[in-house]
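My notes follow in the order I looked things up.

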Amino acid sequence: MCWLRAAALLLWAGLGLAQDYPFRDPTLPWEQRLDDLIGRLTLGELVPQMARGGAKHNGPAPPIERLGIKPYNWNTECLRGDGEAPGWATAFPQALGLAASFSPELIHRVANATATEVRAKHNYFMSTGIYGDHTGLSCFSPVLNIMRHPLWGRNQETYGEDPFLSAELAVAFVQGLQGDHPRYVKASAGCKHFSVHGGPENVPVSRLSFDAKVHERDWRTTFLPQFQACVRAGSYSVMCSYNRINGVPACANKKLLTDILRAEWGFQGYVVSDEGAVELIMLAHRYTHSFLETAIASVNAGCNLELSFSLTENVFMSISEAVAKGNITLETVRARVRPLFYTRLRLGEFDPPAMNPYSALDLSAVQSPAHRSLAVEAAVKSFVLLKNERETLPLSAQALAGKRIAVVGPFADNPRVLFGDYAPIPDPQYIYTPRRGLETLPANVSFAAGCSEPRCQRYSPGEVEGAVGAADIVVVCLGTGTDLETEANDRRDLALPGHQLELLQDAVAWAMGHPVILLLFNAGPLDVSWAQAHHGVGAILACFFPAQAAGIAIIKVLLGEEGASPAGRLPATWPAGMDQVPAMENYTMEGRTYRYYGPGAPLYPFGYGLSYTTFLYRDLALSPTALPLCANLSVSVVLENTGRRDGEEVVQLYLRWAQPSVPVPRWQLVGFRRVPVAAGRAAKLLFLVPYVQRAVWAEQWQLEPGAFTLLVGGQQPGQETRASSEVLRAEFTVSGTTRPLSRC
């Protein structure tokens, strides 16, 4: 280590800096540096570090000038790009669309590109002394809440309704965002909202005072697994949520923040509150009676950092008084501040900048051609083909020459509604609406919005008729957008908003038998049963919120260009009607998501999606078919592309328990892979299903002997709305005596 110390001293000297504190010595172990730094701080210096999580007047964390420590802003959003930061940034598709790709590899690359832009802009902000909101490197991302209700306003920010899918994508995001450097973190991840948080936002009651009453089994099997995966992936933070959990606010919940998160899972990072969640412990939940009492409850429960509603004298500023009265120990305060500075150490703040390769990133990395290309690829891979009658799609590029295309609807040429919540703001020149994308084709394009905004309360049928009446192909663009589903705003039903269904029906009538393609821009499911059943609608493509690359990606998929054959799959069930939608405030999983769905068939099931080609599954083999309790299962299957076009398939593995001792899902996703297969070719695929996937919750995670079924195909088994490929099944048995999962 002598050479490293010498090099570091030279770097500090070259920069004219005095390396006079051990916490600035990069040759020392992290823990020793932390001991030195934390030991130098007074209570008066410690408290603002916990109290200034942002936003606005609540941040940044103040400097400690006597030690040469600069301000730091913790409030950064990185859901799918550098969201809400000053200046342009590449806008990747919204999270739910990324989940539809069923591609951890894609999400890893999107997260890493996001971190590159966050770091590049941070370097610029620091060079100019800007420490405002969204200038830091600590991301409040990803969102790992389960899409448990189709009308929840924040469904778009999630990875869908399945805890296993969400966990796999969470790991990819965290590792992609934080980078692979052995010493430095590119940008730190923070998984939210912890926990049992998935609506309501405002219907029928406010999220700010809601008490989520959850059974322990649902909590453990649905609402926690993806957060545990986040911890195992190395996330530096977790954000506690607004709601109570069985009467106790999440940000003052010792069982959640200490017993589960730290004692059971071994989390070493920091817990930050959702914005305002700490003060709402008193103001909304009435769980405490003063800011002092609130600080005591939250800090002792395990919260490290308060993100306040722009308050200067916020709750955690009462920590000094609590220490003076003996309600919080000074040792506890030091322990809570420790992971905050550990994060800043690993981000490289206290090392010579020349040691950290991420310090060299500059604004040329923002909106780079590679990132813009990735935005297009991500959008293409997010699209889900829901219907394709009579091979309406793909269109022929050659046949379009001179044809007339009408693009209509409130999403046809309105950039604002294509992005969704927490969107980065790209340079407008890189934003392609459906209309702008279609206008790149060698065709005559006519346009009519029909209604100027997604609510579609005022409809102008004459506009639509004028555009559609003379068209050879009609593209109808409908959906929701943040006008109708967003943070703090739930939907009230599944219907297409306002006059949108009427607009679609009119377009089909005026098309006079010419092809009609419906593009949907939404997160929560929509009732498009009329379009699914009516032969006048040839194709339906779910686009979610594709952001800046929407128009380019749409053209690629409509034409079936190389690498653009649709292969996205729904990450959440679309109910057939409101009679299949349970009450928002009821947190039992009964009747919710594909794992516990009711007796009625959904409009579209979880995992569903069509392709421009066809696939055949064969030769499913399990090894061994009889295995010990703590053994993993090896799976092989052959996937053949039997169609005329190259394509990608999302292979899905589901596990079914025969006779478990406790309630379990009817089946559970335990593996998936997005696989390219050329036309006429076959691929033998190998999977490993770890024994942990067979665990059940019976007051602890445990493994049980018995009979099991593994189902393998491009979709769930036994669905009414289904793709053409089959689902194979094979049985296996597990022997041994029931034992805790921890003993394997």
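Before any distances: the domain bounds I used come from an automatic or database domain assignment. I also kept in mind that this is a predicted model.

**Domains.** I found the chain split into domain 1 (33-365), domain 2 (383-572) and domain 3 (615-740). I then checked domain 1 against domain 2, and their C-alpha centres lie 36 Å apart. Domain 1 puts 38 residues into the contact and domain 2 puts in 35 residues.

**The interface of domains 1 and 2.** I wanted its area, since interface size is often given as the accessible area lost when the parts come together. Here about 2900 Å² is buried between domain 1 and domain 2, and carbon and sulfur atoms give 58% of that. Which three residues of domain 1 supply more of its buried area than any other three? They are Trp-88, Leu-151 and Gln-156, with 21% of what domain 1 buries against domain 2.

Next I went through the polar side. The rule finds 2 salt bridges across this interface. I looked up the pair Glu-487 and Arg-154, which form a salt bridge with their closest N and O atoms 3.3 Å apart. I also got 21 residue pairs in polar contact between domain 1 and domain 2. On the domain 1 side, helix H4 (residues 95-100) gives the most, with 4 residues. By type, the domain 1 side divides into 18 nonpolar, 11 polar and 9 charged residues.

**Helix H11.** I looked up what is buried in helix H11 (residues 291-301): Leu-292, Thr-294, Ala-295, Ile-296, Ser-298, Val-299 and Ala-301. Their cover includes helices H3 (43-51), H9 (254-264), H10 (277-283), H12 (319-324) and H13 (330-346). Just after H11, I noted Gly-302 with a positive phi of about 130 degrees.

**Cis peptides.** I noted one between Ser-141 and Pro-142, with omega about 10 degrees. Pro-142 sits in the loop between helix H5 (104-127) and helix H6 (163-178). Another joins Gly-199 and Pro-200, with omega about 0 degrees. I placed Pro-200 in the loop between strand S1 (190-194) and strand S2 (211-212).

**Positive phi outside glycine.** Glu-391 has phi near 50 degrees, and I found Glu-391 in the loop between strand S7 (384-388) and strand S8 (404-408). Buried or exposed? Glu-391 is exposed, at 56% relative accessible area. Ala-488 also has a positive phi, about 75 degrees. Its loop runs between strand S10 (473-479) and helix H17 (500-511), and I logged Ala-488 as partly exposed at 39% relative accessibility.

Note on methods: Residues are numbered from 1 along each chain as its sequence is written. This is a predicted model: local features need pLDDT of at least 70, side-chain atom pairs count only at pLDDT 80 or more; totals for chains, interfaces and linings use all residues. Side-chain values use heavy atoms; hydrogens and water are left out. Contact means heavy atoms within 4.5 Å. Buried area is the accessible area (1.4 Å probe) that two parts lose on being put together, summed over both. A salt bridge is a side-chain nitrogen of Lys or Arg within 4 Å of a carboxyl oxygen of Asp or Glu. A polar contact is a pair of N or O atoms within 3.5 Å; within protein, one must be able to donate a hydrogen and the other to accept it, and residues adjacent in sequence count only if both atoms are side-chain atoms. Helices (H or I, at least four residues) and strands (E, at least two) are DSSP runs, numbered from the N terminus. Ala, Val, Leu, Ile, Met, Phe, Trp, Tyr, Cys and Pro count as nonpolar, Asp, Glu, Lys and Arg as charged, and the others, Gly among them, as polar. Buried means under 20% relative accessible area, exposed over 50%, partly exposed in between (1.4 Å probe, protein chains only).
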